Amino acid sequence: MKKQKNKLAGLQKRKALSGYLFIAPFIVGFLTFMVQPFCRSLYMSFCEVELAAGKIDPIWKGIANYHQAFRIDPEFTRLLWEEISRMVLYSIAIMVFSFFVALILNQKFKGRAFVRAIFFLPVILSSGVILGLESENSVMDAMNVAIEETAQGISITGALEQILRTAGVGTRAYEFVFEVIDNIYDIAIASGIQIIIFLSGLQTISSSMYEAADIEGCTKWESLWKITFPMISSLLLVNWVYTVIDFSMRSDNEVIEKIDKITVESQNYGFGSAMSWIYFVIIMAIVGVSSLIISRRVYYYD
């Protein structure tokens, strides 16, 4: 018995060592290149930064930049609230979309490898170069104009939303749903990594578990909630953290655009640093609280 425990302890140590070796390049890179800019940015957020010939002169101002961000600037608080609300909405939509697409791709059917390759395309299309080509592609712009002219301003979701509003059921919840439907392309583009992670987790579930559930008279719906969901719950936490952080760094994020405008165009490095740290702390708080809540429901197995 003692020998078996020692073997298990040795296995756990090897797993831990493998994990640390895997993240070692990031840790070394972070300590080498990121710690000093982080600390300097935090210090600058409490200063008024004056640019002189060949040097930067920070003058201590205390929390004045933070006070300006929350109480004086007319846009920052509004943009912060709008982007966080959009982040939560889209992150949930991406998680649901990627999970059910992974369930479909895990089934056995002809051409499964080809279909999986198609759903992996968002990972390639979301890369910086191709995404830039897509956003500045005159052909795609012309196609969008042609589609709008052909549709003559008619939108199925818009018409359905108008019907629900007329019927008196057009609540804010419906507006969220229609916003997600109208932006399903963006959701699909952002779901590539999450689909792959969910799919890898689904493939680790033993088929004997589902066979035993079928023998016991379990329905597919019950198997989903009693077997599938608990077995990949740890990957749910991983995907959620990745999705929130990935969405908070999107190029169309209005908070990021606001910070870039203040920092780069106005060269107000102190105020820009303060807004950056406010946004960073809020995102980390959301990640921490949500991770704590999700981790309480995570099922870990050997």
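This is a chat about a predicted model of a protein chain.

Colleague: What are the ground rules here?

Modeller: Residues are numbered from 1 along each chain as its sequence is written, and side-chain values use heavy atoms, with hydrogens and water left out. As the model is predicted, local features need pLDDT of at least 70 and side-chain atom pairs count only at pLDDT 80 or more, while totals for chains, interfaces and linings use all residues.

Colleague: What is the average pLDDT of the protein chain?

Modeller: The average is 77, and 72% of the residues score at least 70. pLDDT is the predictor's confidence in each residue, from 0 to 100.

Colleague: Which elements have the lowest and highest mean pLDDT?

Modeller: Helix 5 (residues 128-135) has the lowest, 49, and helix 15 the highest, 90. Helices (H or I, at least four residues) and strands (E, at least two) are DSSP runs, numbered from the N terminus. Where pLDDT is low, the predicted coordinates should not be read in detail.

Colleague: Now rings. How many aromatic pairs are there?

Modeller: The count is 14. Rings of Phe, Tyr and Trp (its six-membered ring) pair if their centres lie within 6.5 Å; planes under 30 degrees apart count as stacked, over 60 as edge-to-face and the rest as tilted. One of the pairs is Y43 with W60, which is tilted, at 6.0 Å centre to centre and 35° between the planes.

Colleague: Where do Y43 and W60 sit in the chain?

Modeller: Y43 is in helix 1 (residues 2-44) and W60 in strand 2 (residues 55-60), 17 residues apart, and the pair links distant parts of the chain.

Colleague: Why does the pair W277 and F280 count as edge-to-face?

Modeller: The planes are at 80°, with the ring centres 5.4 Å apart, so the pair is edge-to-face. W277 and F280 are 3 residues apart in helix 15 (residues 269-295), about one helical turn.

Colleague: Is W277 buried or exposed?

Modeller: W277 is buried, at 15% relative accessible area, and F280 is partly exposed, at 33%. Buried means under 20% relative accessible area, exposed over 50%, partly exposed in between (1.4 Å probe, protein chains only).

Colleague: Which residues are linked into a cluster by ring pairs?

Modeller: F99, F100, F198, W221, W225 and F229. F198 is also one of the buried residues of helix 10.

Colleague: How many residues of helix 10 are buried?

Modeller: In helix 10 (residues 192-202), 8 of the 11 residues are buried, so the helix is mostly covered.
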